[in-house]
Amino acid sequence: MSSENPDPSPNPSREKLPPGQREVDELPAVSKGEVPEWPPDWTLKVYGSVEEEKSFDLSRLKAMPESSKRKLDFHCVEGWSKTDLEWTGIKVRDLLERVEVKEEAKYVIFHALDGYTTDLPIETCKGKDVSIVWELEGVEIPPRHGGKVRVVIESKYAYKGAKWLSGIELIEEHEKGYWEKKGYSDSADPWKEERYSD
Ligand SMILES: Nc1nc2c(c(=O)[nH]1)N[C@H]1C(S)=C(S)[C@@H](COP(=O)(O)O)O[C@H]1N2
Ligand SMILES: [Mo]
């Protein structure tokens, strides 16, 4: 568990695992399809409702002074959790500060190289809990787990964390992501067991 409590949903009962979750020994690799190719000219684009669109290459992300290591728990909506994984990265808010988000931006939609999307309210992304990461346990994230760059969010089910991150778009209206369109919860709080939308 991170020493920082996740913003939107601190662990209310101080229990290690959210309700209905069981710990697994190894982090499973879960995705809708094949592991996509990592483009040699990859950059992370931050665009949409911002004053100035920007692209960040991997060396620029790694050089950010906010870069840090955090131990986080990982909860899949299918009922497994892997606790205390150490990720290296920054927070999405560190990027949002560098592009100046416009007043009308209400959601952040994450785009991935495999066409996957998922969105979160801008307030959640201005908090401490939405991380953009490039190392797992001190080494480059394996491709099957979203390397080279992915999102992890301890206070949400894992489908809110896009692997193979390619873009961060600021939008005015909520847009359902890949799993959310199939009936999974938009809020996805594991401590409240928000697995499915009503
Ligand atoms: N781009 C992308 N990100 C994704 C997915 C996906 O299919 N594509 N699956 C999500 C789901 S449902 C889970 S449980 C986690 C799995 O991460 P892992 O494979 O590292 O365990 O990634 C999430 N992020
Ligand atoms: Mo999942």
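Tutor: A residue is near a molecule or strand if one of its heavy atoms lies within 4 Å of it. The model is predicted: local features need pLDDT of at least 70, side-chain atom pairs count only at pLDDT 80 or more, and totals for chains, interfaces and linings use all residues. Residues are numbered from 1 along each chain as written, chains are lettered from A and ligands numbered from 1 in written order, and side-chain values use heavy atoms without hydrogens or water.

Student: Which residues come nearest to ligand 1?

Tutor: There are 22 residues around ligand 1. Those that come nearest are Pro28, Asp114, His145, Arg150 and Lys163.

Student: How much of ligand 1 does the protein bury?

Tutor: A backbone N or O atom of Pro28 lies 2.5 Å from an oxygen atom of ligand 1, and a backbone N or O atom of Lys32 lies 2.8 Å from an oxygen atom of the ligand. Asp114 places a polar side-chain atom 2.8 Å from a nitrogen atom of ligand 1. Taken alone, ligand 1 exposes 530 Å² (Shrake-Rupley method, 1.4 Å probe; for residues, only the protein chains shown count as cover). Of that area, the protein buries 99%.

Student: What is the relative accessible area of Ser131?

Tutor: Ser131 belongs to strand S8, residues 130-136; helices (H or I, at least four residues) and strands (E, at least two) are DSSP runs numbered from the N terminus. Buried means under 20% relative accessible area, exposed over 50%, and partly exposed in between, with a 1.4 Å probe and protein chains only. Ser131 counts as buried because its relative accessible area is 3%.

Student: With which side chain does the side chain of Ser131 make a polar contact?

Tutor: Leaving aside neighbours within four places in sequence, Ser131 is in contact (heavy atoms within 4.5 Å) with Arg70, Leu72, Ile90, Lys91, Arg150, Val151 and Val152. A polar contact is a pair of N or O atoms within 3.5 Å; within protein, one must be able to donate a hydrogen and the other to accept it, and residues adjacent in sequence count only if both atoms are side-chain atoms. At 3.1 Å, the side-chain partner of Ser131 is Arg70.

Student: How far apart in space are Ser131 and Ile153?

Tutor: Ser131 and Ile153 are 22 residues apart in sequence. From C-alpha to C-alpha, their separation in space is 6.3 Å.

Student: Which residue in the turn between S6 and S7 has a positive phi?

Tutor: S6 also pairs with S7 (residues 117-121), antiparallel and over five bridges, and the bridge partner of Tyr107 in S7 is Pro121. The two strands form a hairpin with four residues between them. In that turn, the residue with a positive phi of about 85° is Gly115.

Student: What share of the residues in the protein is buried?

Tutor: The protein has four helices and eleven strands, and its C-alpha trace spans about 45 × 35 × 35 Å along the principal axes. Of the contacts with a separation of 6 or more, 68% join residues 24 or more positions apart. Among the 198 residues, the buried share is 52%.

Methods:
Two strands pair if DSSP finds at least two bridges between them.
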